[in-house]
Amino acid sequence: MVQRCAWVNQDPRYIAYHDNEWGVPEYDSRALFEKLCLDGQQAGLSWFTILCKIPAYREAFAGFEPTRLISFTSEDVNRLMQNAGIVRNRRKIESIITNAHAYLAMEKEGIDFSRWLWSFVGGTPVINEWSDPAAVPVTTPESDAMARALKRHGFTFVGSTSCYAFMQATGMVNDHLRCCHCHPSHVSR
């Protein structure tokens, strides 16, 4: 039987996410922007809840295209508040629009979003060697620093816990347990 990290349930979507996405390094700035926004939507909820809603989020939020998101108005926010396919929290909806403005402002300053985010881990994935799920942290000094820096650039829903989940999801940090078949000691990607 294939061993996976303890947080994975038996839903095929969750298994596919764990096996094929979580912990896999992502370097595309737009994909990182989307994942950062989605991790902010998770605040106070389970990741599985958001994972199941990703198609609806992509449809509702113009494919997470920042140049389209910045044109969203208060009427769009009101419309999105009626969309049962996403989390209907006004502050979370507004955060995606706010984050698009912040992303584009960084781009205008000449900041490569991917390179900037990856700098918090020195540009290369941190491979952890956890055996006990209880030992995996929810924040680190790096996620603290990332959260502070993102907030300084105008991003919202980017607390340290959300940033650490984002770092795990995008492979900046590989927190697959040692017993998991996805731990780097078991596979080569």
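A residue counts as buried when its relative accessible area is under 20%, as exposed when that value is over 50%, and as partly exposed in between. The exercises below apply this to a predicted model.

**Exercise 1. Describe the overall build of the chain, from its secondary structure to its burial and surface.**

Step 1. The secondary structure comes to nine helices and two strands, and along the sequence these elements follow the pattern α-α-α-α-α-α-α-β-α-α-β.

Step 2. A compact globule of 189 residues would have a radius of gyration near 16 Å, and the 17 Å of this chain therefore agrees with that expectation. The C-alpha trace spans about 50 × 35 × 25 Å along its principal axes.

Step 3. Of the 189 residues, 46% are buried, while the chain exposes about 9,300 Å², with carbon and sulfur atoms supplying 52% of this area.

Step 4. Taking contacts between residues at least 6 apart in sequence, 68% join residues that are at least 24 apart.

**Exercise 2. Classify the ring pair of tyrosine 27 and tryptophan 118, and state which parts of the chain the pair ties together.**

Step 1. A pair of aromatic rings is described by the distance of the centres and the angle of the planes.

Step 2. The search of the whole structure finds 14 aromatic pairs. For tyrosine 27 and tryptophan 118 the ring centres are 4.5 Å apart and the planes stand at 20°, so this pair is stacked, given that planes under 30 degrees apart count as such.

Step 3. Because tyrosine 27 lies in the loop between helices H1 and H2 and tryptophan 118 lies in helix H7, the pair ties together parts that are 91 residues apart in sequence.

Step 4. Tyrosine 27, at a relative accessible area of 45%, is partly exposed, whereas tryptophan 118, at 3%, is buried.

**Exercise 3. Carry out the corresponding analysis for phenylalanine 33 and tyrosine 103.**

Step 1. These two rings form a tilted pair, with 5.0 Å from centre to centre and 45° between the planes.

Step 2. Phenylalanine 33 belongs to helix H2 and tyrosine 103 to helix H6, so that the pair links distant parts of the chain, 70 residues apart.

Step 3. Both phenylalanine 33 and tyrosine 103 are buried.

**Exercise 4. Decide whether glycine 40 is buried or exposed, and identify what it touches.**

Step 1. Glycine 40 is located in helix H2 and, because its relative accessibility is 3%, counts as buried.

Step 2. Leaving aside residues up to four places away in sequence, glycine 40 touches Lys92 and Phe157.

Step 3. Glycine 40 and lysine 92 are 52 residues apart in sequence, yet their C-alpha atoms are 7.4 Å apart in space.

Methods. Residues numbered from 1 in each chain as written. Predicted model: local features only at pLDDT ≥ 70, side-chain atom pairs only at ≥ 80, totals over all residues. Heavy atoms only, no water. Phe/Tyr/Trp six-rings, centres within 6.5 Å; stacked < 30°, edge-to-face > 60°. Helix = DSSP H or I, 4+ residues; strand = E, 2+ residues; numbered from the N terminus. Buried < 20%, exposed > 50% of the residue type's maximum accessible area, 1.4 Å probe, protein only. Contact = heavy atoms within 4.5 Å. Rg over C-alpha atoms; globule rule 2.2 N^0.38 Å. Areas by Shrake-Rupley, 256 points an atom, 1.4 Å probe, with all protein chains shown as cover.
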